[in-house]
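Keep the viewer open as you read.

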Amino acid sequence: MMSELGKSLIFFGAVLLLIGLGLYLAPKVPVLNWLGRLPLDFKIERENFSFYFPLGTSILISLGLSFIFSLVLYLLRRFSE
């Protein structure tokens, strides 16, 4: 039981490391410059007020993370049999 927990922690640690590297390197990749400037990203600027709500970016990131999480669960289920 403890070895399974250890394997799971190593696996999720590796996934978090990859996500962290992706977030760290994302500003340096020119293709990802459109994040934060999608059609549903609302930006309101007034004289003494500024409001930014990245709805489109949030939806896109949510869909991407859901896909990745589903893929990881599928692979874990397939290889644990």
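In which helix does F11 have its place? F11 is in helix α1, and keep in mind throughout that what you're looking at is a predicted model. As for its surface, F11 comes out at 31% relative accessibility, so it counts as partly exposed; the buried class would need a value under 20%. If you skip the neighbours within four places in sequence, F11 is in contact with V72 and L76. Now jump to N48: this residue is 37 residues from F11 along the chain, and 47 Å separate the two C-alpha atoms.

The protein has 2 helices and 2 strands, and reading along the sequence gives you the pattern α-β-β-α. The radius of gyration is 18 Å, well over the 12 Å that the globule rule gives for 81 residues, so the protein is more spread out than a compact globule. You can see that in the C-alpha trace too, which spans about 60 × 25 × 20 Å along its principal axes. Buried residues make up 7% of the 81 residues. And if you take the contacts between residues at least 6 apart in sequence, 15% of them join residues at least 24 apart.

Next, the strands. β1 covers residues 41-45 and β2 covers residues 50-54; they run antiparallel, with 5 bridges joining them. A hairpin of 4 residues takes you from β1 to β2.

Over in helix α2 you'll find T57. Is T57 buried or exposed? At 10% relative accessibility, T57 counts as buried, because the cut-off for that class is under 20%. Not counting residues up to four places away in sequence, T57 touches L35, G36, R37, L38 and D41.

Note on methods:
Residues numbered from 1 in each chain as written. Predicted model: local features only at pLDDT ≥ 70, side-chain atom pairs only at ≥ 80, totals over all residues. Heavy atoms only, no water. Pairing = 2+ DSSP bridges. Buried < 20%, exposed > 50% of the residue type's maximum accessible area, 1.4 Å probe, protein only. Contact = heavy atoms within 4.5 Å. Rg over C-alpha atoms; globule rule 2.2 N^0.38 Å.
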